[in-house]
Every structure is written in structure tokens, then in C-alpha cells.
Amino acid sequence: MESLLRWGIEHSGNPDGSTANQQPPRDISKLDPGIIDLILGKPDPVQMKEALAIALDEKTEEDVRVTALDNFEMLIEQIDNANNITSMKMWEPLLSLLDTPSERIRLQTLWILGTAVQNNPKAQEALLSHAPLTKIFSSLSTQDANSSPALRSKAVYCLSGLLRHHRAAVTEMEPKNGWKVLDSALRDPDIAVRRKVAFVLNTLLMPDGSTAEQPPSTMTDDITRRYMTQHDIPRSLINSLVGPLPKNDDGTEESADSDFEEKAARALLTYLEGGGKIHPEDAKNLEIGMRSPRTSSSWGLAKEEWDDLVRLSAQAP
């Protein structure tokens, strides 16, 4: 510390701006790098490398590993640091953490992956090249006895960041049984997970102004609509709006959730506006349910949106 202080004094000018009686500058390369890091802080890539090394060390206490991952996530909120994950070859080590028995570590890892690819096409492509979907869908599945609502919610967050405006990732969902997982997630025991899934579906269905003749890499609405139809996901949306409510652990019926119903209704409306079709029996059930919605009078839709939903659902073949 004293050597750094002396260097600063020796390199400062006189109060009057003159250079009289100044000593020649000293070589700062002789300063202790540890002292410089203490004063200025370590570069972000160094901090990322150290944090990941701690997280990967199975001999380290779980709390310490989780804290290291939390610090890593804060660092990669900056897009340059997120893109450094590729150049520093960190995708594979991060994905390996999704296999750890610790749910807390898996959750933090999903958080990192989701943040890294958020509105970041370069990171989206880089992550997809490492085939992450199977592990992400595994974290979302309720078939895993060790899966908590918090973990499944973070899996949806990660999935949303990877899929949004990313046609290649949406296309890859079908061979990974991703649409079946999303359909099942609309019946997740936790309402927060169901809300997030309905929101993601609506996001993927939003048109970006492109045409199907030459779909760009950001176009997702056409293939989302196709696979939603193929896997009867509109039926699941309709059933979530007008069918029996899920049961609580004690066997009682859940209360209707206005936030989820608005998100589900918007996803269904966006699907129909894009030319999606529903089965006649589903249209009939929807018509009956729309006569007396469980929550707000129009599932949170504006009057024009409600009228469009009535009109489009009545056009079922």
C-alpha cells in the first residue's frame, strides 16, 4: 500500500502546475499486483473465472458455491461479460452444474443461463450449440421428485430467454419433447409456474412482421402455432380457463387466479389471431365458460380483445 501511495505522490504535479523539482517517474510494473487488485478490483473475466471455479468445486460448502454463482450472475448482467462465457469456454462447465444433486446450485445455474441469453442473440446461439434443452426441460418437469416450484420457475425463465426471437431454438423443441413439457407445465401444481408458461407461449406467438415465405432467424410465431396445434396446447389453455380448478394438497379446490387467466386468455387470443384453429368441442366449452368467467368479467382483456376472442373462437371448423 505504501509503495502505491509513493508512486501516486511522485507522479502528481506541483500545485502550481509546474514540474520543477519533480523526481523521475517510477516503473509501476514493480508494484504488487495483489495491492493493485485490492485498490482497483479484479477484472470481470478474472472474477468470473474464480467464481465458476468455486462453484464447480464439489468439496466446497454449498453456501459458498451458491454465493459464487450469485456473484457470477451479477457479472454477466453486462452483455460483454455474458458474451465472454463463450470465449472463456464456460458453457459446458455451467451446464454440468445442472446435473448436481444440489437444487440450490441447479437453480442458480438456470438463473445464470437465463440472464446470459436475455435479449442477447450471440449468447442464445452459443448456448443452443451446447444442446441445453434436455437439461432445462428436465428441470421443468414435475416428474422429478426433487423439483421444487422455485426450480421450475427458474427453468421457465431460462427457457424464455433462450427461445424468445430465436427460431432455431424453438425448432429444436420438438425433437426434445419440449412442447409436451410445456403443455404439462400448464397444469403445474404451482400457479407461478403456470403463469410464466402462459406468458412464454404468448410471447412466442407474437408476430414480428416477417413473412412465412422467408422466415428470419427471429420469427417464432408460425412454428409455435403449428406445434401448439399438433400437441393440443390450445385445449389445455381453454381447460385452464373454463375447466375444473386444480386441487390443493388437502383436496380442496384452488381459488381462481386472475393473473394466470389473463395470460392464458391472451395466449389463446394471439394463437387464434394468427390463424390457429381449435376443435369444435373446445370452442363450445370456451363459449360456455365465457358466459360467466371465474374472475374478472373478461379475463382482463379489453372489450375489443374480448370481442375478438368471441368471434375467432366461434369460427372453429
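Is His-165 buried, partly exposed or exposed? In this predicted model, His-165 has a relative accessible area of 41% and is therefore classed as partly exposed. The residue is placed in the loop between H10 and helix H11 (167-172). When residues up to four places away in sequence are left aside, His-165 touches Gln-124, Ser-217, Thr-218 and Thr-220. The C-alpha atoms of His-165 and Asp-221 lie 9.2 Å apart in space, although 56 residues separate the two in sequence.

Asp-221 also takes part in a salt bridge, its partner being Arg-225, with the closest N and O atoms 3.7 Å apart. Both residues belong to helix H14 (residues 221-230), and because they are 4 residues apart there, about one helical turn separates them. Asp-221 is buried, at a relative accessible area of 9%, and Arg-225, at 15%, is likewise assigned to the buried class.

Across the whole structure, the search identifies 21 salt bridges. One of these pairs Asp-99 with Lys-135, for which the closest N and O atoms are separated by 2.9 Å. Since Asp-99 is located in the loop between helix H6 (91-96) and helix H7 (103-117), whereas Lys-135 is part of helix H9 (residues 133-140), this pair ties together parts of the structure that are 36 residues apart in sequence. With regard to solvent accessibility, Asp-99 counts as exposed at 51% relative accessibility, a value that falls just on the exposed side of the cut-off, which is set at over 50%. Lys-135, by contrast, is partly exposed, its relative accessible area being 28%.

A further salt bridge is formed by Arg-152 and Asp-188, whose closest N and O atoms are 2.6 Å apart. Arg-152 is situated in helix H10 (residues 149-163) and Asp-188 in the loop between helix H12 (178-185) and helix H13 (191-205), so that this pair, too, ties together parts 36 residues apart in sequence. Arg-152 counts as buried at 5% relative accessibility, and Asp-188 is buried as well, with a relative accessible area of 2%.

Beyond these individual pairs, salt bridges also link residues into a network, which comprises Arg-195, Asp-257, Asp-259 and Lys-263.

Note on methods: Residues are numbered from 1 along each chain as its sequence is written. This is a predicted model: local features need pLDDT of at least 70, side-chain atom pairs count only at pLDDT 80 or more; totals for chains, interfaces and linings use all residues. Side-chain values use heavy atoms; hydrogens and water are left out. A salt bridge is a side-chain nitrogen of Lys or Arg within 4 Å of a carboxyl oxygen of Asp or Glu. Helices (H or I, at least four residues) and strands (E, at least two) are DSSP runs, numbered from the N terminus. Buried means under 20% relative accessible area, exposed over 50%, partly exposed in between (1.4 Å probe, protein chains only). Contact means heavy atoms within 4.5 Å.
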